[in-house]
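Have the viewer open while you read.

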Amino acid sequence: MNRVPDEGLVLVPGNSLITGSPEEGRALALTLARHTIHNIQPDLDVLKGGRPNYATTPDSLIDASRVVAIEFQTIAAANNYWRP
């Protein structure tokens with residue numbers, strides 16, 4: 001098996017959802033979504049083998065965006081929406 005490296009399997013990088021800005025929060029949301037997928041399917045060959053199907057299917061792309069949006073919502077709440 002061509003396995004995802006261990007750093008790609010960390011569920012919460014740095015063990016914190018706290019970020020300095022909404023931009024950093026959005027980047028963390030994308031990272032969390034990727035790491036979730038890597039934990040569900042750690043075999044890179046299988047993961048990349050399915051990419052041509054979901055990368056060109058609008059419903060799949062919308063679903064992926066929805067996952068990132070939910071991750072971002074969680075991060076925003078953890079950061080008190082970046083309010084002082």
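A nonpolar core is a set of buried Ala, Val, Leu, Ile, Met, Phe, Trp, Tyr and Cys residues joined through side-chain atoms within 4.5 Å. Buried means under 20% relative accessible area, exposed means over 50%, and partly exposed is in between (1.4 Å probe, protein chains only). The model is predicted, so local features need pLDDT of at least 70 and side-chain atom pairs count only at pLDDT 80 or more, while totals for chains, interfaces and linings use all residues. Residues are numbered from 1 along each chain as its sequence is written, and side-chain values use heavy atoms, with hydrogens and water left out.

Q: Which residues make up the largest nonpolar core?
A: That core has 6 residues in all: L28, A29, L32, A33, V68 and I75. Helices α1 and α3 (58-78) each supply at least two of its residues, and the largest share, 4 residues, comes from α1. In soluble globular proteins, nonpolar side chains tend to be buried together.

Q: What makes the pattern of the protein chain α-α-α?
A: Helices (H or I, at least four residues) and strands (E, at least two) are DSSP runs, numbered from the N terminus. The protein chain has 3 helices and 0 strands, and reading along the sequence gives α-α-α.

Q: What does L28 touch beyond its sequence neighbours?
A: Contact means heavy atoms within 4.5 Å. Not counting residues up to four places away in sequence, L28 touches P13, S16, L17, T19 and I75.

Q: Why is N79 called buried?
A: Its relative accessibility is 10%, so N79 counts as buried. N79 lies in the segment after α3. Leaving aside neighbours within four places in sequence, N79 is in contact with L17, I18 and T19.

Q: Why is N15 called exposed?
A: N15 has 71% relative accessibility, so it counts as exposed. N15 sits in the segment before α1, and its phi is near 55°, a positive value in a residue other than glycine.

Q: What makes R66 and D63 a salt bridge?
A: The label requires a side-chain nitrogen of Lys or Arg within 4 Å of a carboxyl oxygen of Asp or Glu. For R66 and D63 the closest N and O atoms are 2.7 Å apart, so the pair qualifies. A search of the whole structure finds 1 salt bridge.

Q: How much of the protein chain is buried?
A: Buried residues make up 25% of its 84 residues.
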